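Take a first look at the fold before you read on. Trace the chain from its start to its end. Then let us walk through it step by step.

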Amino acid sequence: TMVTDPQDIKIKIDPRTVYKNPKTGERSFEKKPGFSSFVLGDTNSKKDGKGDLKSSEIVLYEGSLKEAQKKGDFSSYTLEEIIGATGTHESTHATDRSSNVKTAKVGTNVEEKPIENSKQYRNEIDQMKLKKETPKKSEK
């Protein structure tokens, strides 16, 4: 976890929206033709002289998160819940060596575990919401 990881990890929220061209992977802070998806967050890590992770900076793009909330997989979540899901995804990149592009072996799918952890986070949120909505037998 981030608390026990020996590296220095920082998290910041950037108010901008980051657009992405899904065909080319190109990113832009301005909407352009063909830029139909969003970058919700990034993890930028640095290694020390021994090849271990020295530090990581997680950036969550608030504008992109708000856009994602308007449609698709995140439309039923609050902004805070989307920040939590995206933070979970990006913190996995920062702390799991096989999910970090700086330390993973070549050919490793560095997105598999972060996506899995983000889905688990959202499933837990969904379960909490269901419990709140389900009346107790004595309330019927």
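Read from the N terminus, the elements of the protein chain follow the pattern β-β-β-β-β-β-α-α-α. That gives three helices and six strands. Helices (H or I, at least four residues) and strands (E, at least two) are DSSP runs, numbered from the N terminus. This is a predicted model, in which local features need pLDDT of at least 70 and side-chain atom pairs count only at pLDDT 80 or more, while totals for chains, interfaces and linings use all residues. Residues are numbered from 1 along each chain as its sequence is written, and side-chain values use heavy atoms, with hydrogens and water left out.

Start with the whole chain. The C-alpha trace spans about 65 × 40 × 30 Å along its principal axes. Of the 140 residues, 37% count as buried. Buried means under 20% relative accessible area, exposed means over 50%, and partly exposed lies in between (1.4 Å probe, protein chains only). Now look at contacts, meaning heavy atoms within 4.5 Å. Among contacts between residues at least 6 apart in sequence, 50% join residues at least 24 apart.

Next come the strands. Strands of a sheet pair through backbone hydrogen bonds, either parallel or antiparallel. Here, two strands pair if DSSP finds at least two bridges between them.

Which strands form the open sheet of three? The order is S3-S2-S4, and the pairing is antiparallel. Strand S3 (27–28) and strand S4 (37–38) each have a single partner strand and stand at the edges, so one side of each is left without a neighbour in the sheet. Strand S2 (residues 19–20) is joined to S3 by two bridges. In this pair, Tyr19 stands opposite Ser28 in S3.

Now move to strand S6 (residues 53–61). S6 is mostly covered, with seven of its nine residues buried. S1 and S6 run parallel and are joined by seven bridges. Ile13 stands opposite Leu60 in S6. S5 also pairs with S6 over seven bridges, but in the antiparallel sense. There, Asp42 has Val59 of S6 as its bridge partner. S5 and S6 form a hairpin with five residues between them. In the turn, Gly51 has a positive phi of about 90 degrees.

Leaving out residues up to four places away in sequence, Ser55 touches Gln7, Asp8, Asn44, Ser45 and Lys46.

Lys47 belongs to strand S5 (residues 41–47). Lys47 counts as partly exposed because its relative accessibility is 42%. Beyond its neighbours within four places in sequence, Lys47 is in contact with Asp52, Leu53, Lys54, Lys102 and Thr103. The side chain of Lys47 reaches the backbone oxygen of Lys102 at 3.2 Å. His93 is 46 residues apart from Lys47 along the chain, and their C-alpha atoms are separated by 14 Å.

The helices come next. In helix H1 (residues 62–69), the residues Gly63, Ser64, Leu65 and Ala68 are buried. The buried residues of H1 pack against strand S1 (8–14), S4, S6 and helix H2 (79–95). Ile83 lies in helix H2. Ile83 has a relative accessible area of 24%, so Ile83 is partly exposed. Not counting residues up to four places away in sequence, Ile83 touches Ile13, Leu60 and Leu65. Recall that Ile13 and Leu60 stand opposite each other. Leu65 is one of the buried residues of H1. The C-alpha atoms of Ile83 and Ala68 are separated by 11 Å, with the two residues 15 apart along the chain.

Finally, look for empty space. Rolling a probe the size of a water molecule over the atoms shows where empty space is left. On a 1 Å grid over the protein atoms alone, a pocket is an open set of points where a 1.4 Å probe fits, with protein on both sides within 12 Å along at least five of seven lines, and lining residues have an atom within 4 Å of a point. The volume is the space filled by probe spheres set on the points, which are joined across faces, edges and corners.

How much space lies in the largest pocket? The value is about 670 Å³. The pocket is lined by 28 residues, and the closest to its centre are Gly41, His89, Glu90, His93 and Glu111. S4, S5, H2 and helix H3 (112–133) each supply at least two residues of the lining. By class, the lining has eight nonpolar, eleven polar and nine charged residues. Ala, Val, Leu, Ile, Met, Phe, Trp, Tyr, Cys and Pro count as nonpolar, Asp, Glu, Lys and Arg as charged, and the others, Gly among them, as polar.

How values were computed: Polar contact = N/O pair within 3.5 Å; in protein donor to acceptor, adjacent residues only side chain to side chain.
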